[in-house]
Amino acid sequence: APVPFEWKEFGVGVGKTVLAMIVLVLLFRVMNWLFPRLYARIESWRDTRIPSFRIQSLELLSSTRITDILIGGARILRVAVAIGLLSLSLPLLFSFFPQTHGWAQVLFGYVSRPAFGFLMSLVAYLPNVFQIAVVVFLTYYAMKFTKYLFQQVDAGVVTFSGFYHDWAMPTYQIVRILIVVFAAMLVFPLLPGYNSEGFKQLSVFFGILFSLGSTAVIANIVAGTVMVYMRAFKVGDRVQIADTTGDVIEKGLLVTRIRTIKHVDVTIPNALVLGSHIINYSSSSADEEGLVLHTTITIGYDVPWRQVHELLIEAALRTEFIEADPAPYVFQTSLDDFYVSYELNAYTHEPRLQSRMYSLMHQHIQDLFGAAGVEIMSPHYGAMRDGNMSTIPAEHLPPNYEPPFFRLLTGQAQTVQRAPSPDADGGGKVGG
């Protein structure tokens, strides 16, 4: 029913309205005075009281970025407070007059019902908050205890039969992931909206996205985990994986990085590493007994094999970083049509220098064989020994060396001719 108009009540309403407007203006003036000073105070903390957010050496949020986020949050808070004051002032103003008192109740209901519903939901959710806090607390200390235990295993303080100490930290990473996954399984059902259709559809979407897009990633993770327990190599070892040879500089969960002797970093996915053969030149047996370097040369049948053995062993002993004990040795690996294959084997404890040692060993072989007058027919080639220049380097030939005579025997007659000087290719030509 319409409310009759009374001047007295109208005057009281106008007075209350004026007073409320004065209070509202004062509150806005206080906001205009307070928030700029709050912005300035936060700005003064930039790079001083506000530190960067880091995880070890990784900077996730810089001090400047955090300061900008705080200032932005303060601006949003200012707008929210202003909207809240206006939302409360309108129902209050309408309540001062009997004719608009019903409007005040409606407007106040628009504001109070959502706020009251939010507060009731928050109160009803408090038991879940307590359970989540308990799970997070237990998870945190379970991870701290697990890390401490595996650090002791890695340091050799705690030992388990059949469990190598270099397995400790990789195993800790796996156990930590399992603890986090288990905690997430306990926390997710306690989150608000867990049983809603939107949450379910979002979970299905991310599940499909993960299963379709992470096949290769999962394969590399599984391969990296398997290689940890294979103990095929460790960081710092000289290895050969497929056709790549170098030192292992990183052994990650997804990839393995190798630095070659040319200082080229090669990144190999762990799935490819697991599917390839791995040669470890720095294995424990190589460290204890020494790595055996071997090289093969071919020498003609006209050279005594004992002399070849002596020259090869002497060349190995002259090579830097080759061990004299155990002594180098030679295998005759094949008797071919034109030559004998000799394999020189020598021990070293410096697998990272094997390329240099191979080069020095080959140089010493060439020098010693040249000085001994032994030609290295590798690869073999045909040569007419009469009338041709020797293949031995010139610095190892006698000062008065001359190419031998070329002999032709025809029936009972014998013709002797001297071969001309060798041409630019080192060969000889026979005159008519």
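# A guided tour of the model

Start by selecting alanine 242, which is partly exposed, with a relative accessible area of 31% (buried means under 20%, exposed over 50% and partly exposed in between, using a 1.4 Å probe and protein chains only). Residues are numbered from 1 along each chain as its sequence is written. The model is predicted, so local features need pLDDT of at least 70 and side-chain atom pairs count only at pLDDT 80 or more, while totals for chains, interfaces and linings use all residues, and side-chain values use heavy atoms, with hydrogens and water left out.

**Two loops with a positive phi**

Stay on alanine 242 and look at its backbone: phi is near 60°, a positive value in a residue other than glycine. Alanine 242 sits in the loop between β3 (238-241) and β4 (244-251). Helices (H or I, at least four residues) and strands (E, at least two) are DSSP runs, numbered from the N terminus.

Next, select histidine 263, in the loop between β5 and β6 (265-269). Its phi is also near 60°, a positive value in a residue other than glycine. Is histidine 263 buried or exposed? At 68% relative accessibility, histidine 263 counts as exposed.

**Into strand β5**

Now pick threonine 256, in strand β5 (residues 255-259). Threonine 256 counts as buried because its relative accessibility is 0%. Show its side chain together with that of asparagine 270: the two make a polar contact at 2.8 Å. A polar contact is a pair of N or O atoms within 3.5 Å; within protein, one must be able to donate a hydrogen and the other to accept it, and residues adjacent in sequence count only if both atoms are side-chain atoms.

**Along helix α4**

Select residues 168-187 to see helix α4, whose 20 residues reach 28 Å from first C-alpha to last, close to the 28 Å expected at 1.5 Å a residue (the expected span is 1.5 Å times one less than the number of residues). Colour Ala168, Thr171, Tyr172, Ile179, Ala183 and Val187, which are buried in α4. They lie on the same side of α4 because they cover an arc of only 145° around the axis, the arc being that of the directions from the helix axis to the C-beta atoms. On the other side of α4, look for Leu178 and Met185, which are exposed.

**The largest pocket**

How much space lies in the largest pocket? About 710 Å³. On a 1 Å grid over the protein atoms alone, a pocket is an open set of points with protein on both sides within 12 Å along at least five of seven lines, and lining residues have an atom within 4 Å of a point. The volume is the space filled by probe spheres set on the points, which are joined across faces, edges and corners.

The largest share of the lining, 6 residues, comes from α4.

**Two last stops**

Select tyrosine 125, in helix α3 (residues 101-155). Tyrosine 125 is buried, with a relative accessible area of 19%.

Finish at proline 326, in the loop between α9 (305-317) and β9 (329-335). The peptide bond from aspartate 325 to proline 326 is cis, with omega near 5°.

Key:
On a 1 Å grid over the protein atoms alone, a cavity is a set of points where a 1.4 Å probe fits but cannot get out, and a pocket is an open set with protein on both sides within 12 Å along at least five of seven lines; lining residues have an atom within 4 Å of a point.
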